[in-house]
Structures are given as C-alpha cells and as structure tokens.
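Subject: Structure handover

Hello,

Please find the structure below. My notes on it come after.

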Amino acid sequence: MFLTKKSFWKIAIITFCYFAVGTFGITTGALLTALDADATALFVLGAFCYAFCPIVFLWGRYAEGKGKQINLGNKLVRNELKPRAFIEEYKKLKDATDLVTKKPSLELLQLVAIAYDSLDDQAGALDAVEEMIRVASEKRKTFAKLIKCSFLFSYGMIDEAEALFTEARTSKLDFICQAVTDAILKSDRAMAMGDYKAAEAQMLKGLSQRVPKLDNLSKLVLHYKLGEIYEKLESFETAIPYYTYCVDHSGETAIKGAASAALQRIAPSYQ
C-alpha cells in the first residue's frame, strides 16, 4: 500500500465530516428531547454516521492506497497493453517523498511482475515476485511463492521452480492457492516438462472461457503459448494463426517481436 499525505488527509477529512454530522445529530436530538420533541430521526442519523466512520476510513485507505494503483495496473497492463507506462507510474509512486505508508501490496507487485514479463524483462519480473515473498504475511507467503514458481517454470528454470513448488505444496493450501497450483501443473509446469498436450488442453480451455471475460493480455498470452505448443509439436499450420494474432494484437508488449520471429522461423516449414 502506497498512501500519500494528500490521500491521507482526504480520507481524514471525509471521516471527520461523518463524525461531525453524527455529533450534530446526537446533540440536536438531545436538545429537542429536552424540549419534549420527537428526535428519533436525529439519533438514528447520528448513530449511523458514528458507526460509518471506521468503515469510511478503512475503505478510503484501501481505495486511495491500494485500489487506485491496482485499477491503473489492470487498465494499462491487462487491457491497454502498455506495460512500460505502468512501470513508470509505479516507480514514480514508489519514489514519492510524501508517502505516509510505503508497503506495496501483493496484487500490485504481481501486476509489476506481469508488466516486466510482457516486456521480456525476466530479471525485473523475478525481482518483483521476490519482493512479493518478502512483504507477504505468513498467511499469504505460499501464494507469493506459487506466483514465483509460475514465472520460474515459464523461464525454464526447472530445478529452482521444482524445489520451490514442492516447498509451497507442503504448506496448507487455501482455495486460491489450490487453484494457482492446479493452473501451474497444467500450464507452466506442463510446458516446462514438455507435456504439450496437457498444456494445449489447458490453454484452449482458457481461451474459450466466457466468465469472467478474458482481458486483452490474457488472450494475447494464451494465443502466444498455443503458438509455442503447436510449434513444439511441429504442427506449424496450426501455430501460424495464433502467432499472427499476437503480431496484430500485441500493443506495446514484447510479444509482437517474439511472434514475428516465430513466424519467420516456421514459415519455411509451413510452405
């Protein structure tokens, strides 16, 4: 969570306004009661505002310190395919001098890692997932380790990935970690281990997903991985349309260059 002084005071002022309205309601209600007037509505208003104060503060803190950055990341990285722009915004925020709270969330760091990965910056992506593990609470440490495993398998660092994957799976896995583990087994690990048929089934299943709707980056990555799978299986005719999709829909990611190189590589075999 990155919370600036400006955002903190914004939250504090809004919370104080609720407190002030609540105080007005209770005070005015007490005065009217002393005059034998019905002040039930004012007491209800005051109680509601008092009860709402901590909710307003906590929600504001989340929205300003975490929600805004995650929404920006989803917009730039996942939908507009502008990972470099998001990384620049993240660095500006991280280096800001007026921060009240300076602790990036796991979700934000995951978006940073994805942004670096889509630029084919493996070092940057691995630094981000390593920071995820470092800042994660004990309850979420396993999740962070699994995310790192996913990147390690996709980069072909099989020995390191297997060791960390085994370690993570010995922990008690919650529902989310179970889902991540299953996805890794059927996609990144399957690809790394050469089980292309299993990976193909998982990618095709993902590409046909309707709920929730796939974002642009997810569609792009799935197309590229399917292109890789069919190239590995020497089914070049099938691989070409997937790589072509990547060339046409890569935005500002490095996938366009990789897909173009793949097409040049397999075109002679296809012809």
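Predicted model: local features only at pLDDT ≥ 70, side-chain atom pairs only at ≥ 80, totals over all residues.

Residues are numbered from 1 along each chain as its sequence is written, and side-chain values use heavy atoms, with hydrogens and water left out.

Some terms are needed for the packing. Helices (H or I, at least four residues) and strands (E, at least two) are DSSP runs, numbered from the N terminus. Two packed helices are described by the angle between their axes and the distance between the axes. Axes are lines fitted to C-alpha atoms, for helices over the stretch in contact, and angles run from 0 to 180 degrees between N-to-C directions. Angles under 35 degrees count as roughly parallel, over 145 as roughly antiparallel, 65 to 115 as roughly perpendicular and the rest as oblique.

Helix α4 (residues 106–118) packs on α5 at an angle of about 165°, and the axes are 7 Å apart. The two are therefore roughly antiparallel. Their crossing is left-handed (the near helix is turned anticlockwise from the far one by less than a right angle; clockwise would be right-handed). On the α4 side the contact (heavy atoms within 4.5 Å) includes L106, L109 and Y116, and on the α5 side G124, A125 and V135 are among the residues. By class, this contact has 10 nonpolar, two polar and two charged residues. Here Ala, Val, Leu, Ile, Met, Phe, Trp, Tyr, Cys and Pro count as nonpolar, Asp, Glu, Lys and Arg as charged, and the others, Gly among them, as polar.

Helix α5 (residues 122–135) also packs on α6, at an angle of about 165° with the axes 8 Å apart. These helices are therefore roughly antiparallel as well, and α5 passes α6 in a left-handed crossing. Among the residues that meet are E130, I133 and R134 in α5 and K141, K145 and F151 in α6. The contact of α5 with α6 divides into 10 nonpolar, no polar and five charged residues.

Helix α6 (residues 141–154) and helix α8 (residues 175–186) pack at about 10°, with axes 10 Å apart. They are therefore roughly parallel to each other. The residues that meet include F143, L146 and F153 in α6, and I176, V180 and I184 in α8. Nine residues of this contact are nonpolar, three are polar and none is charged.

Of the 14 residues of α6, 13 are buried (under 20% relative accessible area; exposed is over 50%, partly exposed in between, with a 1.4 Å probe and protein chains only), so α6 is largely enclosed by the rest of the structure. G156, which follows α6, has a positive phi, near 75°.

Q69 lies in helix α2 (residues 40–79) and is buried, with a relative accessible area of 12%. Not counting residues up to four places away in sequence, Q69 touches F2, E64, F86, L93 and L108.

L185 is in helix α8 and is partly exposed, at a relative accessible area of 30%. Leaving aside neighbours within four places in sequence, L185 is in contact with F165, R169 and A190.

S187 lies in the loop between α8 and α9 (188–192) and counts as buried at 10% relative accessibility.

Regards
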